[in-house]
Amino acid sequence: MRDWQIKRRHRTHQLIELGGLVVKAGIVELTGDNRAMIYGALLWMADKLQSEDAERAREIWAGKGRLAFKVDRDEANLAALSK
């Protein structure tokens, strides 16, 4: 496989995962699949991450994400045990 094919597959995988996070967070449903609104929210996040509050935003958002992943993992483990 050529180098550009490997890079393309990696990028495709990354984009699919990122899109999955948007869906998993409920953003698609909450916005009515309004792509302009979703893009605007992402731009707002980018602005926030370039501001003087960037470190605080990173800490808060990363903490919320870690907690949500843990809850998902715990729920999956509980479901697997109850089978």
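Which side chain meets that of lysine 7 in a salt bridge? Aspartate 3 does, at 3.2 Å from N to O, where a salt bridge means a side-chain nitrogen of Lys or Arg within 4 Å of a carboxyl oxygen of Asp or Glu. Both residues sit in helix α1, four residues apart, or about one turn of the helix. Helices here are DSSP runs (H or I, at least four residues), numbered from the N terminus. Lysine 7 counts as exposed because its relative accessible area is 55%; exposed is over 50%, buried is under 20%, and partly exposed is in between (1.4 Å probe, protein chains only).

A word on what you're looking at: this is a predicted model, with local features needing pLDDT of at least 70 and side-chain atom pairs pLDDT 80 or more, while totals for chains, interfaces and linings use all residues. Residues are numbered from 1 along each chain as its sequence is written, and side-chain values use heavy atoms, leaving out hydrogens and water.

Back to the charges. The whole structure has five salt bridges. Another of them joins aspartate 74 to lysine 70, at 2.7 Å from N to O. These two are about one helical turn apart because they lie four residues from each other in helix α4. Aspartate 74 is partly exposed at 38%, and so is lysine 70 at 40%. Then there's lysine 48 with aspartate 53, whose closest N and O atoms are 3.5 Å apart.

With 31% relative accessibility, methionine 45 is partly exposed. Together with Tyr39, Leu42, Leu43 and Trp44, Met45 makes a nonpolar surface patch of about 520 Å². Such a patch takes residues with over 30% relative accessible area and no salt bridge, joining nonpolar side chains (Val, Leu, Ile, Met, Phe, Trp, Tyr) within 5 Å and like charges within 9 Å.

Met45 also turns up at the largest pocket, among the residues nearest its centre, along with Leu21, Val22, Ala25 and Ile27. That pocket has a volume of about 680 Å³ and 16 lining residues. On a 1 Å grid, a pocket is an open set of points where a 1.4 Å probe fits, with protein on both sides within 12 Å along at least five of seven lines; lining residues have an atom within 4 Å of a point. Helix α4 gives the largest share of the lining, six residues.

One last stop: aspartate 33, in the loop between α2 (27–30) and α3, has a positive phi of about 55° despite not being a glycine.

Technical notes. Accessible areas come from the Shrake-Rupley method with a 1.4 Å probe; for residues, only the protein chains shown count as cover. Grid points are joined across faces, edges and corners, and a volume is the space filled by probe spheres set on the points.
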